[in-house]
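Here is a short briefing on charged side chains that pair up. Have the sequence and the 3D view ready as you read.

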Amino acid sequence: MAGRLLILYTGGTIGMKQTDRGLAPASDLTTDILQMPELGPAFHGDPPVIETLSYDPLLDSSDMTPGHWCRMADDIARHYDDHDGFVVLHGTDTLAYTSSALGFFLHRSGKPVVVTGAQLPFGSPRSDARNNLISSLQVAASLPGSMAQVCVVFGSRILQGNRSTKVSAQAYDAFDSPRFPHIGSIGIDIEYNSSPAFESVRPAPAREGLREDLGKSILENNAPPPDDAVALVRLFPGFSAATLRAICSGENLRGIVLEAYGAGNGPSRDRSFLDAVRSAVDQGIVVVVVSQPLDGVVRMSSYAAGNALADAGAISGRDLTTEAALTKLYYLIAQGCDAREIRERMVVALAGEIG
């Protein structure tokens with residue numbers, strides 16, 4: 001199990017301390033981590049070499065932007081050859097976006113990249129921070145090579161990063177992947193999913209060059225796209241076409257994730273709304289439909305209301321999570337794909353994100 005692991009500390013509740021304005025990220029977490037006795041000989045008798053990289057400034061995850069995803073991916077890529085695994089400490093609010101994005105932006109993913117955080121800071125009574133960190137380091141050191149990928153370790157669950165979503169603000173099992181089996185579970189032992197059912201649905205092992213046609217790290221040659229290159233729109237009864245048109249007026253907008261009802265349904269009798277979708281598509285904006293329910297799968301041909309969106313030019317995100325759909329759009333835009341290329345690649349699995 002021994003190896004060289006790199007911890008990237010980006011901020012988040014896991015390392016926060018109380019201030020007069022509430023909890024805020026604290027910079028001394030990495031020092032505390034390296035002094036933890038659990039990381040000595042007790043670490044399965046074969047302790048890893050652990051190095052740390054702290055971000056400046058440290059961020060509450062609600063302040064994360066797409067540019068930060070690119071920076072994390074680039075940092076991991078620069079340290080990739082010198083380490084056997086990586087652990088990203090992150091706030092929980094946008095953790096699923098980051099874990100999804102890293103699955104796309106890391107072009108070499110033959111080593112474990114574990115994203116974790118905590119519901120309570122290290123210093124709080126009954127905090128889950130210590131267990132989540134230790135579990136994440138153990139997974140980063142022991143995940144079988146055939147399963148090596150970006151994953152989320154939180155509470156008792158090991159999840160595929162780009163299939164994960166936050167499901168609770170209170171429970172220690174705060175993340176789940178309702179549309180995809182768990183990679184493994186954490187109890188007294190760490191157990192990885194080896195059931196035949198999981199073998200039939202899990203993505204092929206990631207390999208170097210899997211996405212080489214989409215280019216290298218985007219930070220090698222150019223700046224990331226603007227943060228507002230993608231947008232998220234959630235349908236609700238009475239949703240206004242004027243709102244959608246206003247969103248589409250942004251000069252940098254290239255893609256929209258449309259959270260529709262059930263199997264990908266939208267208001268089929270509202271011609272104004274459908275015209276707004278069609279107008280967006282005609283502008284070169286890719287509209288990807290995902291399902292609002294946590295376990296929903298888009299099947300636009302099931303209902304006339306779904307067919308109406310398809311006829312307007314929207315494409316099905318099938319079982320993509322909202323987080324995976326949005327980060328995949330941003331990734332493809334970052335790689336310089338035009339609208340046609342984005343539409344083609346959104347429905348093809350790049351990193352096991354879609355079934």
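**Salt bridges in this model**

E259 counts as buried, at 10% relative accessibility. This is a predicted model. The structure holds 11 salt bridges. Side chains of opposite charge can pair when their charged atoms come close. Three of these pairs are described below.

**The strand pair: R234 and E259**
- E259 forms a salt bridge with R234, and their closest N and O atoms are 2.9 Å apart.
- R234 sits in strand β13 (residues 230–234), and E259 sits in strand β14 (residues 255–260).
- The two residues are 25 apart, so the pair links distant parts of the chain.
- R234 is partly exposed, with a relative accessible area of 46%.

**The loop pair: R163 and D319**
- R163 and D319 meet in a salt bridge, at 2.8 Å from N to O.
- R163 lies in the loop between β8 (157–160) and β9 (165–166), while D319 lies in the loop between β16 (315–316) and α10 (322–334).
- The pair therefore ties together parts that are 156 residues apart in sequence.
- R163 is buried at 4% relative accessibility, and D319 is buried at 10%.

**The helix pair: D74 and R78**
- D74 forms a salt bridge with R78, with the closest N and O atoms 3.8 Å apart.
- Both residues are in helix α2 (residues 66–79).
- They are four residues apart there, so about one helical turn separates them.
- D74 is buried, with a relative accessible area of 15%, whereas R78 is exposed, at 52%.
- A network of salt bridges links D74 and R78 with R71 and D75.

Methods. Residues numbered from 1 in each chain as written. Predicted model: local features only at pLDDT ≥ 70, side-chain atom pairs only at ≥ 80, totals over all residues. Heavy atoms only, no water. Salt bridge = Lys/Arg side-chain N within 4 Å of Asp/Glu carboxyl O. Buried < 20%, exposed > 50% of the residue type's maximum accessible area, 1.4 Å probe, protein only.
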